[in-house]
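Here is a short briefing on one protein chain. Look at the sequence and the 3D view first, then work through the points below.

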Amino acid sequence: MLFMVVETFRNQDGKAIYRRLLDRGRQMPDGLSFVGSWVQADMGRCFQLMECDDITLLQRWIVQWSDLIEFEIVPVVAGKDTAAALASLL
């Protein structure tokens, strides 16, 4: 399953996030996959697409970063898959 992870950097401190990323890596448990990310121009937020079959893996990863980041997690489906599912109903 795909998840759009909206990260809001606490205290607008993007440097602290990247410092930890360089020191410790992404700290993701096995079975959680990083698909891609996009950073807001002012470095206040990051949008990451993650994939896993077990939501607890995502929760374990969030715990590693929750002191620096506030998270919003949105389960998502690719638009083409949604269109195909709807087409079969029409």
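## Briefing: the chain at a glance

The chain exposes about 5,900 Å² of surface, and carbon and sulfur atoms supply 55% of it. Such accessible areas come from the Shrake-Rupley method with a 1.4 Å probe, and for residues only the protein chains shown count as cover. This is a predicted model: local features need pLDDT of at least 70, side-chain atom pairs count only at pLDDT 80 or more, and totals for chains, interfaces and linings use all residues. Residues are numbered from 1 along each chain as its sequence is written, and side-chain values use heavy atoms, leaving out hydrogens and water.

**Overall build**

- The chain has three helices and four strands. Here helices (H or I, at least four residues) and strands (E, at least two) are DSSP runs, numbered from the N terminus.
- Read from the N terminus, the order of elements is β-α-β-β-α-β-α.
- The C-alpha trace spans about 50 × 30 × 15 Å along its principal axes.
- Of the 90 residues in the chain, 29% are buried. Buried means under 20% relative accessible area, exposed means over 50%, and partly exposed lies in between (1.4 Å probe, protein chains only).
- Take the contacts between residues at least 6 apart in sequence: 70% of them join residues at least 24 apart. A contact means heavy atoms within 4.5 Å.

**Charges and the salt bridge**

- The chain has 9 positive and 12 negative charges, and their mean positions are 6 Å apart. Lys and Arg count as positive, Asp and Glu as negative, while His and the chain ends are not counted. Each charge is placed at NZ of Lys, CZ of Arg, CG of Asp or CD of Glu.
- How many salt bridges does a search of the whole structure find? It finds one. A salt bridge is a side-chain nitrogen of Lys or Arg within 4 Å of a carboxyl oxygen of Asp or Glu.
- The partners are aspartate 67 and arginine 20, with their closest N and O atoms 2.8 Å apart. Aspartate 67 lies in the loop between helix 2 (55-65) and strand 4, and arginine 20 lies in helix 1, so the pair ties together parts 47 residues apart in sequence.
- Are the two partners buried or exposed, or in between? Aspartate 67 is partly exposed, at 47% relative accessible area. Arginine 20 is buried, at 13%.

**A nonpolar surface patch**

- Tyr18, Val39 and Met43 form a nonpolar patch on the surface, with about 230 Å² of accessible area together. Patches are made of residues with over 30% relative accessible area and no salt bridge; like charges are joined within 9 Å, and nonpolar side chains (Val, Leu, Ile, Met, Phe, Trp, Tyr) within 5 Å.
- Valine 39 belongs to strand 2 (residues 33-39). Its relative accessibility is 36%, so valine 39 counts as partly exposed.

**Two loop residues with positive phi**

- Most residues other than glycine have a negative phi.
- Glutamine 12 has a positive phi, near 50°. This residue sits in the loop between strand 1 (2-9) and helix 1 (14-24). Glutamine 12 is exposed, with 54% relative accessible area.
- Glutamine 27 also has a positive phi, of about 60°. Its place is the loop between helix 1 and strand 2. Glutamine 27 is partly exposed, at 21%.

- Glutamate 70 is in strand 4 (residues 69-76). At 47% relative accessibility, glutamate 70 is partly exposed.
- Which residues does glutamate 70 touch, not counting those up to four places away in sequence? They are Val6, Glu7, Thr8 and Arg10.
- Glutamate 70 and phenylalanine 9 are 61 residues apart along the chain, yet their C-alpha atoms are separated by 6.5 Å.
- Valine 76 is in strand 4 too. It is partly exposed, at 26%.
- Leaving out residues up to four places away in sequence, valine 76 touches Leu2, Phe3, Met4 and Leu49.

**An exposed loop residue**

- Aspartate 53 is in the loop between strand 3 (45-51) and helix 2. With 80% relative accessibility, aspartate 53 counts as exposed.
- Aspartate 53 and leucine 2 are 51 residues apart in sequence and 8.6 Å apart in space, C-alpha to C-alpha.
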